[in-house]
Amino acid sequence: MIYPENFETKIRFDKVKELIKKQCLSSLGRDLVDAIQFSSSFNMVNRLVNETNEFKTICLDEDSFPLGYFIDVRQSLEKARIEGTYLELEELYNLKRSLESISAILRFFQNTEEKEYPYLKKLTGNVKMYPFIFDRINAIITKNGRIKDNASPALQQIRSSLIQKQSTISKRMQTLLRAAQKEGWVDQDVALSIRDGRAVIPIPSAHKRKIKGIVHDESATGKTSYIEPSEIVETNNEIRELEYAERREIIKILQDFTAQLRPYIDDLFRAFEFLAKMDFIRAKAMFAIQVKAVLPKMVKTPTALWEKAVHPLLYLTLQKEGRKVVPLSIEISNEQRMVLISGPNAGGKSVCLQSLGLMQYMFQCGLLVSMGEESKIGIFDNIFMDMGDEQSIENDLSTYSSHLMNMKHFLRHSNTDTMILIDEFGSGTEPALGGAIAESILDKLNRKKVRGVITTHYSGLKHFASEADGIENGAMLYDSHQMRPLFQLAVGKPGSSFAFEIARKIGLPEEILKDATEKIGEDHINFDKHLRDIVRDKRYWESKRDNIRKSDKRLNVLVEQYDKELKEASKLRKEIIEKAKEEAAQLLNSANKSIEKTIREIKENKAEKERTREIRKEFEQVKIQLTEGELEEEERINKKIQKLKERSNKTAKKEKPGDESKATVVAKTKVQFDPDVIEKADLVKLDNQSAVGEVIEINKKTAVVAFGSILTSVKVNRLTKVSRSQVKKEEKTYNRTSSLIQEKISKRKLSFKADLDVRGMRGEEALQVVIDHIDDIIMLDVHEFRILHGTGGGILRQMIREYLQTVDLVEHFRDEKIQMGGAGITVVTME
């Protein structure tokens, strides 16, 4: 139950509906926006919000959702139920386009994964589409909504006769006009004209007796008469009769089609209900994107654990002004059933109250809400509000009387699943009496375990809330130094009204404030002051606690980072030691082999002095080679380190005033390019191929070349030296050509339509169109498409499918589903 009757106006939900209507594509969706209703059913609300959330994903991630023609033809279908009526040509054209949109939407959901949009896919279950209706409509009207000449044999014969007679009249009228011009009755630049649907000759009134016929019209000045020659009057009459016959035949065709359509009207209504829901749900999703609304965690209990909630209308208003809304965080649960908010005027109490009512109502109407995704939102059976002035002259109600009437309703109908929203509780009458009544009502509501938010200025209610279980004080924060509201809700302590501070700010005389202090008493003033001090201190220590928490978090991150780096360094140290051990073992093994070989040769040669000297010499050379290998490796590493340092110094170095310019240095250090001499670090091509490599090492006849990450040894005479400028030029040309090709393919993709319609074409013509289309399909990497060829005699379908069997990249093809066109459409799947 919602109370009062103008609840939607009070929380400005009517404004939300207007914004959703603007997102609708047709009156189909707008009618459903007007019919939005509050629901207390968990299952229904869950379904509605999930449908909206799924469509929000489509709007954000999908560009292929069909938004062609959302046209409301329900009135035309209702008319078609009556025997003897028929759809007008424009109504038939609207029916054709809207049914094509429904069919496209059904295809969209059929082509998605089973678990991708489960709630929206469920809506497609009751929709039936009949290929017969599509075939009949396409046989009657063209793509532009005109009746086809061959819609019936009689119509084709009538239009053929019309064209023949109109051609005869045109030729005869031209002959008569040239004869009149030759006689000088008509000027040479005069052309034939049309009056009342008949061809006439404009002739000066002075010569109108020269041509026998009927005068159909005169010019405004009376100087020109428009005459239909008597010899073509009869032919024009025959044309007029043929036009009447054409109109009768068109009506007969439309009547026959409407009679054939009549048994399917109920199914068509269900299809248009589906189209209306798609328009409506899409509009809700677009509004959710506009206000950055989400689907929070949904619970069955009457709960509101909101984080960073934002009033959607306030968000849109401040967004236009370049300002931001201060988010609201609030908790309504079994332990904290009611929050009593106090604070200064214009501090945001009413906005907080209205935000709670609006967003809870929006959610239970199936809309997404603007809050953090980690928030929790439940379902309430009733939402009651007492806000604003409800005085009535007709019912003899004052402002306070209307408040009491509302309280009476709250006490009678509220329960544990009720949310109440009361603004300025207890106001409107003598403060002491009003406060006492308000305290009693609040006690009764609390004992009924009602949930909600109440705003007030009464200190008595603040004291009551601090002692009662289930009620928490809350304060709208106020900066007492800058004298401005912060629009932040802090739960746990009551708020101050800052009455004296605000009075000082606006310039009220100090003697009046002093007199007021004496009247109210220092104790009351000090209580308010101490309350502000407590709130200020709480805010200070909360800020300190947040800073400590952030510092601890940063410290933990640094500790984790250092620990990770220490483990990596330890791992790297172990790897280096293992590698050094392996290299030492290999070196020792090689040395041992050399020693054993030396001893063996000495023994074999029986210690001849000369041979022993030679063997020792060879052993010394092996030692030198091993030592040199180590030195070379160390030198190579040092050179790499030196190069890195030099490169870093060059990057960091800035040109000083008075130094030589960069161009001068380059000119001095530039070496003449010699194509016949290949050296280390030169760029080369192998046998004039396109790949370019860098020379790593070079001997007399062979060179080691790096082609990307591949090292290969090739003969020098197979290499061709290329300059770096030439390589850069080729890369630029290649990149430019590649980007141009890619740009053309991208533009082609934007305008390309995968589905192909060859109905009405001859066999060879249709086959050539299919061949060209498949070339585009392969180039644009389309996985699946449809060929609309119609049923007919099946010859065109057979020709197309025989050709598809010859295309290697066609994985398979099949008939479309029966509700989407059946054998009249071939669905082709590419590899």
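Is Arg447 buried or exposed? I looked it up: Arg447 is exposed, because its relative accessible area is 56%. (Exposed means over 50%, buried under 20%, and partly exposed in between, with a 1.4 Å probe and protein chains only.)

**Ground rules.** I am working with a predicted model, where local features need pLDDT of at least 70, side-chain atom pairs count only at pLDDT 80 or more, and totals for chains, interfaces and linings use all residues. Residues are numbered from 1 along each chain as its sequence is written, and side-chain values use heavy atoms, with hydrogens and water left out.

**Entry 1: salt bridges.** I stayed with Arg447. Its side chain meets that of Asp443 in a salt bridge, 3.5 Å from N to O. (A salt bridge is a side-chain nitrogen of Lys or Arg within 4 Å of a carboxyl oxygen of Asp or Glu.) Both residues lie in helix 15 (residues 431–447), four residues apart, about one turn of the helix. (Helices are DSSP runs of H or I with at least four residues, strands are runs of E with at least two, and both are numbered from the N terminus.) I noted the general rule: an α-helix has 3.6 residues a turn, so residues three or four places apart point the same way. Asp443 is partly exposed, at 27%.

Then I searched the whole structure and found 28 salt bridges. One of them joins Arg74 to Asp31, with the closest N and O atoms 2.9 Å apart. Arg74 is in helix 5 (residues 74–80) and Asp31 in helix 3 (residues 27–34), so this pair ties together parts that are 43 residues apart in sequence.

I also looked at Arg195 and Asp217. Their closest N and O atoms are 3.1 Å apart, in a salt bridge. Arg195 sits in strand 2 (residues 193–195) and Asp217 in strand 4 (residues 213–218), so the pair links parts 22 residues apart in sequence.

**Entry 2: a buried arginine.** Next I checked Arg337. This residue lies in the loop between strand 8 and strand 9 (338–342). Arg337 is buried yet has no salt bridge. The nearest side chain of opposite charge, Asp469, is 7.3 Å away. (Lys and Arg count as positive, Asp and Glu as negative; His and the chain ends are not counted.) What does the side chain of Arg337 join in a polar contact? I found Asn446, at 2.9 Å. (A polar contact is a pair of N or O atoms within 3.5 Å; within protein, one must be able to donate a hydrogen and the other to accept it, and residues adjacent in sequence count only if both atoms are side-chain atoms.)

Entry 3: I traced four strands in an open, mixed sheet, in the order 6-10-7-8. (Two strands pair if DSSP finds at least two bridges between them.) Strand 6 (297–298) and strand 8 (328–332) stand at the edges with a single partner strand each, so one side of each has no neighbour in the sheet. Strand 7 (residues 304–309) and strand 8 run antiparallel, joined by four bridges. I picked out Leu305, whose bridge partner in strand 8 is Glu331.

**Entry 4: helix 12.** I listed the buried residues of helix 12 (residues 312–320): Pro312, Leu313, Tyr315, Leu316 and Leu318. Just after helix 12, Gly322 takes a positive phi of about 75°.

**Entry 5: Leu177.** My last stop was helix 9 (residues 153–183), where Leu177 is found. Leu177 counts as buried because its relative accessibility is 5%.

Terms used: Lys and Arg count as positive and Asp and Glu as negative; His and the chain ends are not counted.
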